[in-house]
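Visitor: I have a model open and need someone to walk me through it. Please keep it plain.

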Amino acid sequence: MRQGAGMLRPGLAALLLLAAGPLLADDTPAAPTAPFVTTLDKINSGDTAWMLASTALVLLMTIPGLALFYAGMVRKKNVIGTALQSFTITCLVTVLWVVIGYSLAFTPGTPWIGGLSRVLLGGVTFDKNQNLISVSHVASTIPETVLIMFQLTFAIITPALIAGAFAERMRFGAMVVFMSLWSLLVYAPVAHWVWEPGGWLAAMGDQDFAGGTVVHINAGAAGIVCAYMLGKRHGYGREPFIPYNLAFTMTGAALLWVGWFGFNAGSATAADGRAGMAMLVTQLATATAALTWMLTEWMLRMRVSLLGACSGAVAGLVAITPASGFVDQFGALAIGAVAGIGCYWGATGLKKLLGADDSLDVFGIHGIGGMIGAILTGVFSNKAISGAEANLLTQCIGAFATLGYSAVMSLLILCVVKWTMGLRVDAEAEFTGLDLSQHGEQIP
Amino acid sequence: MTQVERFSLATHLYVRLRRSSGRVVDAMWMAQNDEYAREILRLAASDPDPETQNLVQRFQALLGGRPAPRKPAPAAARPASVEPDVAQHYIGTLR
């Protein structure tokens, strides 16, 4: 009997293990892969408060930050038209984002584009009676509405940046159509690639904390293509194009600088240590880049200019953007220094080389600055901060893939707009200035 | 610089004439062709606007081969003229 009992024990043990299996298994739930509904107590009020503030800061970057930055640099006869472009794009992209943009960018679908589950924000929930609220899988401690708004401000500023490349010569109606198509066919897909966990670049491990590729390389590539397609302004290279008011430009640059804390630190989607680090490295890289640009200008031209200082600061802001959640102070210093010199060359030597009339140096600063930042993220990313290893090759793939896609798609969209309605104002309207010819308004 | 000045004056006259009388002139041709420029100046001379008259006089001086007279800026009305070396910096580049 004892032998029989001994023979039964392994079998009994196996049976017991089988029965107990589910109790012993790891019961950690899988990470959500799509927006989902949760209870109100899961929302972190500190994170939410910070994200609400960040959203406002980033919107200020476009209106009035970018509006002033650009308007101050164009000729007097185009100031109103230039400012109106930023304002109009804000309104336009807001509606498009809510209708379909957010869904295409931030819902799972394919590695290339999101789905339609959030068209017109269907499924976004806030029900106080039932204690339910929807959150995004990419930021589950804040209401989904807050993430929608925050990402909207990024979707707004990216096309607004492009406007600097075709300043002083694009027809207003053509601009509206181009920006509408661009934000849905270029911005939304690239945002999906990089920031939606299922996107092909995100899955590859591409690190872009706040939009070096999604915003700056994207806008820079589109900008240079616009500059080529629209052609040079009449008198370019023969007449001086005097900036209307560089004090406007400085005011705009300062608003961009401060607003960028929302842009970078806000991309932590939490009020935490990473946000604090992102804010610190943003400030450091910006100041370093501004000083480096000024030093470069001093050495080459024996003077320091306000426009140079502002441009250097913006170059630093652009370059630190993809790296801001992943690098420490040493990385910030290095990125800022390289950006200051690199973007100076981008706006001067490279501009001459390319031969396009990129009116406000969108490619030279945002395109080149974005490339510098995206690639140097692969060099300076600190795993203790980022939580993951960066790969230089992956960063290069992300940067060049975005550059190529944005350039090609922008060209296609411009061709469609050109053939259907024309891109450029006529010579008369350009002489008169866009303020008067397009909008019937004038600065006396 | 005379050609540059002619073009600049021609575009200013274009704006003035269009605003005051609705007349549209070819500013580029005016900067290149003396005969056309003289005819436009003859028409513009009948415009009572003092700024138009100033532009006409300056353009006529250029057609005469003399440097255009500089009108002193009235107090608080027109923005100060840009220094030549500042203006030079903004030809073909912004930064």
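**Helices and a sheet**

Visitor: Is the crossing of H2(A) and H8(A) left-handed or right-handed?
Guide: Left-handed: that is how H2(A) passes H8(A) (the near helix is turned anticlockwise from the far one by less than a right angle; helices are DSSP runs of H or I, at least four residues, and strands runs of E, at least two, numbered from the N terminus). This is a predicted model, where local features need pLDDT of at least 70 and side-chain atom pairs pLDDT 80 or more, while totals for chains, interfaces and linings use all residues. Residues are numbered from 1 along each chain as its sequence is written, and chains are lettered from A and ligands numbered from 1 in the order written.

Visitor: At what angle do H2(A) and H8(A) pack?
Guide: About 160 degrees between H2 (residues 45-71) and H8 (residues 246-264) of chain A, with the axes 7 Å apart. H2(A) is therefore roughly antiparallel to H8(A) (an angle over 145 degrees).

Visitor: Next, how many residues of H10(A) are buried?
Guide: 13 of the 15, so H10(A) is largely enclosed by the rest of the structure (buried means 20 or more other C-beta atoms within 10 Å of the residue's own).

Visitor: What order do the strands of the sheet have?
Guide: S1-S3-S2 in chain A, an open sheet of 3 strands with antiparallel pairing (a pair needs at least two DSSP bridges). S1 (36-39) and S2 (126-127) of chain A are at the edges with a single partner strand each, so one side of each has no neighbour in the sheet.

Visitor: How many bridges join S2(A) to S3(A)?
Guide: There are 2, and the strands run antiparallel. A:Asp127 is opposite A:Leu132 in S3(A).

How values were computed. A residue is buried if 20 or more other C-beta atoms lie within 10 Å of its own, exposed if 12 or fewer, and partly exposed in between; C-beta atoms are placed from the backbone. Axes are lines fitted to C-alpha atoms, for helices over the stretch in contact, and angles run from 0 to 180 degrees between N-to-C directions. Angles under 35 degrees count as roughly parallel, over 145 as roughly antiparallel, 65 to 115 as roughly perpendicular and the rest as oblique.
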